[in-house]
Structure formats: structure tokens, C-alpha cells
Amino acid sequence: MAGGTALVLLLQQGLVQPGHVVGLRDVAELQGGARRLDHGGLQIGALTTHREAERASAVADYCPALADTFSRVATVRIRNQATVGGNLAHADPAQDPPPMLIALGGSARVASSSGTRTIPLDEFFVDYFETALRPGEVLLSADLPALAAGTRVTYKKFLPRTQDDYATVSVAAALRVGDDGRCAEIRVALGAAATTPVRARHVEDALRGQVLSPEAIKEAAALVRDEVDPLDDLRGSAGYKREMARVWTQRALQELWDGAT
Ligand SMILES: Cc1cc2nc3c(=O)[nH]c(=O)nc-3n(C[C@H](O)[C@H](O)[C@H](O)COP(=O)(O)OP(=O)(O)OC[C@H]3O[C@@H](n4cnc5c(N)ncnc54)[C@H](O)[C@@H]3O)c2cc1C
């Protein structure tokens with residue numbers, strides 16, 4: 001248990017019944033807050049709370065949209081307790097940080113008694129509330145690569161109900177336009193749009209290397225419909241969320257393109 005905001009609810013509902021619960025709070029290797037790495041990247045220790053991440057100068061300095069994403073998680077009360085590592089390990093597909101960390105090209109650094117390994121975050125979420133963590137492994141940190149100069153990043157959280165709700169659909173996108181005016185780098189990831197966060201590779205492939213325009217963005221965003229596989233729930237039908245995935249992907253990409261030109 002890290003912050004306990006997810007695990008305690010699962011215990012109360014009888015969905016998990018562990019023989020023992022091990023508190024992680026005092027494990028030195030999982031601390032660290034957020035710090036810039038020598039090569040320009042960012043490392044966020046697993047026990048960093050969302051509130052700490054939201055307010056850390058290292059995070060804002062690396063990417064203001066990432067700090068904004070942490071600030072969109074639930075309420076201050078939850079963010080003061082819930083950890084970034086617990087969020088990733090819990091793997092609720094509607095959570096906010098995972099799509100953004102995927103769009104930034106992040107990876108999970110994990111450890112067990114047999115050593116450490118790194119898992120790209122776009123391979124970390126394997127199914128509904130299921131990750132690539134093996135028994136006996138703990139998450140040490142989320143590691144992010146240096147962002148190329150001129151990379152623009154945004155996070156769109158569609159919240160038709162209340163401001164502190166989970167997303168109905170969310171979109172994180174990172175875009176860099178090259179000196180030749182073409183899309184040099186693009187990464188798009190969605191939350192609450194399937195049983196795991198979704199990397200929208202068809203959208204990316206349609207735009208990479210292209211001269212962007214509102215029409216090109218509209219056509220590429222429409223491809224996201226076939227990449228998502230939303231669940232019907234109290235936030236909307238699968239069909240509605242599929243359409244909202246298209247709308248918010250288009251808005252996110254248009255915003256980045258507008259800012260880059
Ligand atoms: C009312 C409410 C509203 C919420 N709203 C949002 C929201 O809007 N957006 C959003 O993104 N999230 C939301 N959440 C989810 C919240 O972000 C997660 O519950 C939280 O991040 C989990 O972190 P924790 O430290 O509390 O994890 P814990 O509850 O301690 O643990 C969760 C799981 O992760 C495992 N775990 C924890 N740390 C590690 C580690 N270092 N290595 C390996 N496994 C580990 C635990 O064993 C457990 O299985 C909400 C939660 C609540 C209760």
C-alpha cells in the first residue's frame with residue numbers, strides 16, 4: 001500500500017483479500033519526488049503524491065501540461081494522499097496521468113529481488129486494472145525522456161458532470177513541427193476509451209511527416225474511432241464515448257497545431 005486511496009476501497013468492497021498488507025511509505029528507493037535528469041528528462045519517484053507532482057518546479061519546468069494533468073486528478077484531498085506510482089499500478093483506465101505519461105514517451109522503472117527493469121508505459125497497461133508488473137515487483141519511478149525543443153503538449157479531460165470526476169474521455173497529445181513545416185513528431189494517447197489507456201497509432205501515422213491543416217487533422221482524428229473500444233457506463237454509452245474520443249482528439253491536435261504556427 002502506498003497512499004491507500006484505491007487499495008482501501010478494494011479491501012472494503014472485498015475485491016481483494018490479501019493475507020498481509022505491506023506499507024511502502026518508508027521504502028527509501030521509492031521516494032525522490034520529481035527531479036530533472038542530466039539528459040533533460042524527468043524522474044518522478046513512485047511515492048510522490050499527485051499534489052507534490054502538480055506543484056513541483058521540476059515538473060512545471062519539464063512540461064507545464066504534465067503539471068496541469070496531475071492537478072486534474074480528483075480533489076486536493078485525494079491528490080495529497082494518492083501517489084503517482086499507486087496510480088500507475090492501480091491501472092484504472094479512466095485515470096489522468098497514464099495517457100499523458102504515454103504521450104510523453106515515459107517508462108516505468110520497476111524492481112524485484114532479482115533486479116530492475118524498465119517497461120515502456122505504452123506496454124505497461126495490459127488489461128482492465130492489470131499491468132505488466134510481475135509478482136514481487138514494485139514500481140520505483142516514472143521516467144520521462146528529454147522533450148525536443150519546440151514540442152507542444154496538451155491534456156484534454158472531458159468532464160460533462162463535475163470538475164472532480166473521472167474523465168468521460170481524455171486525450172493527451174505531444175506534437176513537434178519541424179523546420180520544414182511538417183509534423184516531425186507526434187504522440188497521442190487516450191484515457192477512459194478502452195480497458196487500458198490507448199495509444200492512437202493510426203492517428204499518429206496519418207499525420208507524421210505531413211503538412212498539417214484543419215482538414216488533415218479532422219481526417220486523422222476520425223481514425224481514432226477504430227482505435228478505441230469504450231465501455232458503456234454511467235458516464236455514457238460506448239458509442240457516445242467513441243464520438244467524444246474523435247471530437248477531443250481533433251480539438252487537442254488543432255490546439256497544438258494553432259500554437260505551433
Ligand atoms: C474519490 C476518488 C476520486 C478519484 N479520481 C481520480 C481522477 O479524477 N483521476 C485519476 O487519475 N485518479 C483518480 N482517482 C484514483 C487515484 O488517482 C488512485 O486511487 C491513486 O493514484 C492510487 O494511488 P495510491 O498511492 O493511493 O495507491 P494505493 O491505493 O496505495 O495502491 C493502489 C494499487 O497500487 C499498488 N501499488 C501502489 N504503489 C505501488 C508501487 N510503488 N509498486 C507496485 N505497486 C504499487 C497497490 O498494491 C495497489 O494494488 C480517484 C480516487 C478516489 C478515491
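Guide: A pocket, as the word is used here, is an open set of grid points where a 1.4 Å probe fits, with protein on both sides within 12 Å along at least five of seven lines. The model under discussion is predicted. Its second largest pocket has a volume of about 240 Å³. Lining this pocket are 15 residues, of which Asp92, Ala94, Tyr128, Asp233 and Arg235 are the closest to its centre. By class, the lining of the second largest pocket comprises 9 nonpolar, 5 charged and 1 polar residues.

The ligand may be considered next. It has 30 residues around it, and those that come nearest are Ala2, Gly3, Thr5, Thr83 and Asp96. For Gly3, a polar backbone atom is 2.7 Å from an oxygen atom of the ligand. In the case of Asp96, an N or O atom of the side chain lies 2.6 Å from a nitrogen atom of the ligand. Asn87 also takes part through its side chain, where an N or O atom is 3.1 Å from a ligand oxygen atom.

There remains the nonpolar interior. In soluble globular proteins, nonpolar side chains tend to be buried together. The largest nonpolar core in this model has 35 residues, and Leu42 and Leu66 touch the most other members. Leaving aside residues up to four places away in sequence, Leu66 touches Leu42, Ile44, Val59, Met100, Leu101, Leu104 and Leu144. Another core, of 26 residues, lies apart from the largest one and includes Cys183, Leu212, Ala220 and Met244.

How values were computed. Residues numbered from 1 in each chain as written. Predicted model: local features only at pLDDT ≥ 70, side-chain atom pairs only at ≥ 80, totals over all residues. Heavy atoms only, no water. 1 Å grid on protein atoms, 1.4 Å probe; cavity = no way out; pocket = protein on both sides within 12 Å on 5 of 7 lines; lining within 4 Å. Points joined across faces, edges and corners; volume = space filled by probe spheres on them. Nonpolar A, V, L, I, M, F, W, Y, C, P; charged D, E, K, R; others polar. Core = buried A, V, L, I, M, F, W, Y, C linked by side-chain atoms within 4.5 Å. Buried < 20%, exposed > 50% of the residue type's maximum accessible area, 1.4 Å probe, protein only. Contact = heavy atoms within 4.5 Å. Near = heavy atom within 4 Å. Polar contact = N/O pair within 3.5 Å; in protein donor to acceptor, adjacent residues only side chain to side chain.
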